[in-house]
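Open the model in your viewer and keep the selection tool ready. The tour goes stop by stop: select, look, move on.

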Amino acid sequence: MAVHSNRALLLALLSLLLCSVHGQLSNNFYKKTCPNVQSIVRSVMTQAVAKEPRMGASILRLFFHDCFVQGCDASILLDDTATFTGEKNAGPNANSVRGFEVIDTIKTQVEASCNATVSCADIVALTARDGVNLLGGPTWNVPLGRRDAKTASQSAANANLPGPDSSLANLISVFGSKGFAAREMTALSGAHTIGQTRCQLFRNRIFNEANINSSFATMRQQTCPQTGGDNNVAPIDVQSPTTFDNAYYVNLVNKKGLFHSDQELFNGGSQDKLVQRYSKDANLFAKDFAKAMVKMGNLSPLTGNNGEIRLNCRKVN
């Protein structure tokens, strides 16, 4: 009898331990407490993307830049104050991360529907999914139940986010440190099939690199001169910048990657064959991307009694 009860206790403890390891996220987390949350997010995102298709890409980037710093905890949404330094002015984020007002609009509507219930971190995860889907990409079930950080780290944002000049080895290493295989890194890089970027981030590539299609380089040089025009923007995917598809990989095969880091995925290295497969098989890319996005959303979430449910996504309660 004692052995039985000990075994039951051990199994119960193991079960609790596994729950905490997996972050206790659940697809049905708000089923009873806020059943309208997903429809509210979808409605606001539909309007935002219809108004400006680029917003789908901006929100996706915001999600990535949140999760890669101290986990998917909405720390990126916190504004700087006289006594608090957030992540918005870190090098990879300053004057480039966008979409905060869309998150605010959703949060206001969610609070009106179910006060102090849904985290800003969960809202960001849902908006990233819906932005991709509204632009023609896949959809997926978003596990929910994250809580919001009371802290942020500008130094971690500066250190943890891969830049546009990254080498393949660096990309594999940075993503690997977060638990992603090289294949998952290459799939997630396909996020660059939507969105725009500033001239200063790709100038060196279009003027100085050899593994670039010459007519593509010439075209980009017209709006990104060697000096000046740092903030002139260009689509990252030259073919279909507001459609979430596999054209990004077709571009890489044709040496039309806009960032150095993009072209590194198809430059005689370990990811060449996968890039070629994705360039020919849009469904495979969409499937791999969706799986990797769920995994990204599971990066170190705050759950249980950790963190809080922020009432305003820009500041701690």
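A contact here means heavy atoms within 4.5 Å. With that rule, select Arg54: leaving out residues up to four places away in sequence, Arg54 touches Arg98 and Gln196.

Before going further, two notes on the ground rules. This is a predicted model, where local features need pLDDT of at least 70, side-chain atom pairs count only at pLDDT 80 or more, and totals for chains, interfaces and linings use all residues. Residues are numbered from 1 along each chain as its sequence is written, and side-chain values use heavy atoms, with hydrogens and water left out.

**Stop 1: Arg54**

Stay on Arg54. This residue lies in helix H3 (residues 54–70). Helices (H or I, at least four residues) and strands (E, at least two) are DSSP runs, numbered from the N terminus. C-alpha to C-alpha, Arg54 and Thr303 are 32 Å apart, and 249 residues separate them in sequence.

**Stop 2: the annotated range**

Select residues 24–317. The UniProt annotation "domain: Plant heme peroxidase family profile", from an unreviewed entry, covers this range. UniProt positions are given in the numbering used here, feature names are shortened, and annotations may be inferred rather than shown by experiment. Over residues 24–317 the chain is 46% helix and 2% strand. The end C-alpha atoms of that range are 23 Å apart.

**Stop 3: His192**

Next, select His192. UniProt places the feature "binding site" here, again from an unreviewed entry. His192 sits in the loop between helix H8 (182–189) and strand E1 (196–198). Its relative accessible area is 25%, so His192 is partly exposed. Which residues does His192 touch? Not counting residues up to four places away in sequence, the contacts of His192 are Ile236, Asp237, Tyr248, Phe259 and Asp262.

**Stop 4: the disulfides**

Show the cysteines. A disulfide is a pair of cysteine sulfur atoms within 2.5 Å. How many disulfides does a search of the whole structure find? The search finds four. With the bonded cysteines numbered in sequence order, the pairing is 1-4, 2-3, 5-8, 6-7.

- Cys34 and Cys114: the sulfur atoms are 1.7 Å apart. Cys34 lies in the loop between helix H1 (2–21) and helix H2 (37–51), and Cys114 in the loop between helix H4 (100–113) and helix H5 (120–134), so this pair ties together parts that are 80 residues apart in sequence. Cys34 is buried at 1%, and Cys114 is buried at 7%.
- Cys67 and Cys72: the S to S distance is 2.0 Å. The torsion about the S-S bond is about 120°, so this disulfide is right-handed. Cys67 is buried at 1% relative accessibility.
- Cys199 and Cys224: the sulfur atoms are 2.0 Å apart. Here the S-S torsion is about 75°, so the disulfide is right-handed. Cys199 lies in the loop between E1 and helix H9 (203–208), and Cys224 in the loop between helix H10 (214–221) and strand E2 (233–235), so the pair ties together parts that are 25 residues apart in sequence.

**Stop 5: helix H13**

Select residues 272–280, which make up helix H13. The buried residues in H13 are Asp272, Leu274, Val275, Tyr278 and Ser279. Look down the axis of H13: these buried residues fall within an arc of 165°, so they line one face of the helix. The arc is that of the directions from the helix axis to the C-beta atoms. Lys273 and Lys280 are exposed, on the face turned away from the buried side. The cover over the buried residues of H13 includes H8, helix H11 (247–253) and helix H14 (282–297).

**Stop 6: salt bridges**

A salt bridge is a side-chain nitrogen of Lys or Arg within 4 Å of a carboxyl oxygen of Asp or Glu. By this rule there are 13 salt bridges. Select Arg314 and Asp79, whose side chains meet at 3.3 Å, N to O. Arg314 lies in the segment after H14 and Asp79 in the loop between H3 and H4, so the pair ties together parts that are 235 residues apart in sequence. Arg314 also forms a salt bridge with Glu101, with the closest N and O atoms 4.0 Å apart. Glu101 is exposed, at 52%. Now widen the selection: Asp79, Lys88, Glu101, Asp104 and Arg314 are linked in a network of salt bridges.

Last, select Arg129 and Asp130. Their side chains meet in a salt bridge at 2.6 Å, N to O. Both Arg129 and Asp130 are buried.

Methods. Buried means under 20% relative accessible area, exposed over 50%, partly exposed in between (1.4 Å probe, protein chains only).
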